[in-house]
Amino acid sequence: PSPNFTRLGHQLQAAMAAVLTAPAVLVVLGLYAASLHVGVGYMGTIGSLLGWTTTQTMLVTLAFVLPWAASLYSYVRCMQVSTSKCMRPSLNAAPGDVCRHCGLLREQRSQHCFLCGICVRDRDVHSTFIGACVGQATHADFIRWLLYSAVTALLASAIALTYIWHHKANWSHHGLLLDTVAFFTPLVAWIVGHKPGEDWHDAYLGTVLRAFIVCALASTATFVFKMRLVLRGQLWSEWSRGSRPFDRGNWADNFAVVFGQGPSGWLWALPTLSKPRQAATLPQSL
């Protein structure tokens, strides 16, 4: 095909990605807002029902806000795909070392992303939910985002279910909420009881409860899978091909490639203390 036709195809592909990315990012931001509302707004009522003191309620609220804030912080850092962009080639670079799509240097283990429009170092995957590629500089942030998102969703689900439990007498005549609860936890729905009827509060709490549980399950499963790839020294594309060319030989060295060595590696779950991912090179034995 002609260069103009190819360029048009790439532009259409990027436009379609933008159309899909915007709703996905809005959904993620909506979940952040809903989880903060449930985790903080409902905590005062739950504290009163359980007989907590003001200090106890504040401490429990803080225990929710910290992973929520860490998740949002990691999410924003993941969007910075430009930090994983390959370098511009030197004047004496061979034509085969330069990407014909973006003009950047084709570095080892890099891939061109037609959605981001650049070559990305150590490109793992393009995530619709962050609207960017997971690359060398954002790989650790992406895994931390999954971890803290799972923790936040689990806590928000627990808070919502606690609120429902202590208001079961008032909620027993509402249907939509209990339909949602019954979808995941039939025992709770059986204890509370189920009769037709609904209002806006049922719809809101029932919808976000289902979303929290789905988010917790999806984030946990993806985190476990991604961490397994890290310990094996693989990216998504390498896993799909069944190859491990960048495996350092042991899980500790593979872990250090993503999260760093020494204190930064030990404190890998703390977003502000972890170093950016090191540049990947092939083992000397290959």
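Mentor: Let us start with arginine 109, which counts as buried at 13% relative accessibility; buried means under 20% relative accessible area, exposed over 50% and partly exposed in between, with a 1.4 Å probe and protein chains only. This is a predicted model, in which local features need pLDDT of at least 70 and side-chain atom pairs count only at pLDDT 80 or more, while totals for chains, interfaces and linings use all residues. Residues are numbered from 1 along each chain as its sequence is written, and side-chain values use heavy atoms, leaving out hydrogens and water.

Trainee: Okay, and which side chain does arginine 109 meet in a salt bridge?

Mentor: The partner of arginine 109 is glutamate 238, at 2.8 Å from N to O; a salt bridge needs a side-chain nitrogen of Lys or Arg within 4 Å of a carboxyl oxygen of Asp or Glu. Arginine 109 sits in the loop between H3 and strand E1 (111-113) and glutamate 238 in helix H9 (residues 236-241), so this pair ties together parts that are 129 residues apart in sequence. Glutamate 238 is buried too, with a relative accessible area of 3%.

Trainee: What about the backbone of arginine 109, what is its phi?

Mentor: The phi of arginine 109 is positive, about 70°, although this residue is not a glycine. Another case is aspartate 122, a residue other than glycine whose phi is near 45°. Aspartate 122 belongs to the loop between E2 and E3, and is buried, with a relative accessible area of 2%.

Trainee: Let me step back a bit: how many helices and strands does the protein have?

Mentor: The secondary structure comes to 11 helices and four strands, where helices (H or I, at least four residues) and strands (E, at least two) are DSSP runs numbered from the N terminus. The protein has 286 residues, and buried ones make up 40% of them. Among contacts (heavy atoms within 4.5 Å) between residues at least 6 apart in sequence, 61% join residues at least 24 apart.

Trainee: And how many salt bridges does a search of the whole structure find?

Mentor: The search finds six salt bridges. One of them joins the side chains of aspartate 141 and arginine 77, at 2.8 Å from N to O. Aspartate 141 lies in helix H4 (residues 139-166) and arginine 77 in helix H3 (residues 54-78), so the pair ties together parts that are 64 residues apart in sequence.

Trainee: Which other residue is linked with Arg77 and Asp141 in the network?

Mentor: Arg144 is linked with them in a network of salt bridges. The side chains of aspartate 141 and arginine 144 meet at 3.0 Å, N to O. Both of these residues lie in helix H4, three residues apart, about one turn of the helix, and both are buried.

Trainee: Switching topic, where is arginine 123, and how far away is the nearest side chain of opposite charge?

Mentor: Arginine 123 is placed in the loop between strand E2 (118-120) and strand E3 (125-127). Although buried, arginine 123 has no salt bridge, and the nearest side chain of opposite charge, that of aspartate 124, is 8.7 Å away; Lys and Arg count as positive and Asp and Glu as negative, while His and the chain ends are not counted.

Trainee: Then which side chain makes a polar contact with arginine 123?

Mentor: Glutamine 111 does, through a polar contact of 3.1 Å between the two side chains. Such a contact is a pair of N or O atoms within 3.5 Å; within protein, one must be able to donate a hydrogen and the other to accept it, and residues adjacent in sequence count only if both atoms are side-chain atoms. Not counting residues up to four places away in sequence, arginine 123 touches several others, including Arg109, Cys113, Cys133 and Leu235.

Trainee: What does histidine 126 touch?

Mentor: Histidine 126 is in strand E3 and is buried, with a relative accessible area of 16%. Leaving aside residues up to four places away in sequence, histidine 126 touches Cys113, Leu115, Cys116, Gly131, Ala132 and Cys133.

Trainee: Last one: which residues of helix H10 are buried, and what follows H10?

Mentor: In helix H10 (residues 251-259), the buried residues are Asn254, Phe255, Ala256, Val257, Val258 and Phe259. At the start of H10, a side-chain oxygen of asparagine 250 reaches to within 3.2 Å of the backbone nitrogen of alanine 252. After H10 comes glycine 260, with a positive phi near 95°.
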